[in-house]
Amino acid sequence: MAELVFFSGTMDCGKSTLALQMHHNHAARGRDGVLFTRHDRSGSATISSRLGLTKSAHEVDDRTDFWAEVIGRRTQGRPVDYVLGDEAQFYTAEQVEQLARVVDELGVDVYAFGISSDFRARLFPGSQRLVELADRVETLQVRALCWCGARATHNARTLDGEMVVEGAQVVVGDVAGRPEAAVGEVQYEVLCRRHHMRRMTAAVARAAAPHAQTLASALVVEQPTLDV
């Protein structure tokens, strides 16, 4: 029986890598699939992994109708056994409902991959609807790590290393972990819940840590002077 599955996780947990691996496995068994994405870090109409894997895909925008996309291909003789959608957090709630209809009425498997919540720890509309409608929600097992070493559960947006909690929900770019980023450039990093709530990014933690020289000076014990 066809199903709608939502594969969710933070940045850096391998969502796009898994999406491309699943596509490879299904295609290798002769199944016909259609790949979609929206706002990929590498540009339009591409699914890219931070490991360097890339694959062409169809770019989704607000006008995309998944039901019409599948019907159109089947009318032209393509079976369309599965639909794979990356960056699904950016889909509209209506588009997620279209995907559910594709599963229920056309018997097409749909695999959606995306981040659940934004930099404010609020659900993306597409992710929220996927959680509500999916037959299964799978949390990816590859754990992204906060700078403290704990499991990262939240995505943070930073500006000059300082975490921000206001602004547009979608600011696209692959700038995570790039120390050479220009001053004032928006970056992203993953944090555990504790440090997300404290707004303590890696840069803030480094700034708050005692400098090695300062620490060494603090450890020097003052020698008493002797009166002769």
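## A buried aspartate

Asp 32 lies in the loop between helix H1 (15-28) and strand S2 (33-37). Helices (H or I, at least four residues) and strands (E, at least two) are DSSP runs, numbered from the N terminus. This is a predicted model, where local features need pLDDT of at least 70, side-chain atom pairs count only at pLDDT 80 or more, and totals for chains, interfaces and linings use all residues. Residues are numbered from 1 along each chain as its sequence is written, and side-chain values use heavy atoms, leaving out hydrogens and water.

So is Asp 32 buried or exposed? Asp 32 is buried, because its relative accessible area is 18% and buried means under 20% (exposed is over 50%, partly exposed in between; 1.4 Å probe, protein chains only). Who are its neighbours? Not counting residues up to four places away in sequence, Asp 32 touches Arg 78, Pro 79, Val 80, Asp 81 and Tyr 82, where contact means heavy atoms within 4.5 Å.

Rings of Phe, Tyr and Trp (its six-membered ring) pair if their centres lie within 6.5 Å; planes under 30 degrees apart count as stacked, over 60 as edge-to-face and the rest as tilted. By this rule there are 4 aromatic pairs. One of them, Phe 7 with Phe 113, is stacked, at 4.7 Å centre to centre with 10° between the planes. Phe 7 sits in strand S1 (residues 4-8) and Phe 113 in strand S7 (residues 109-114), 106 residues apart. Both Phe 7 and Phe 113 are buried.
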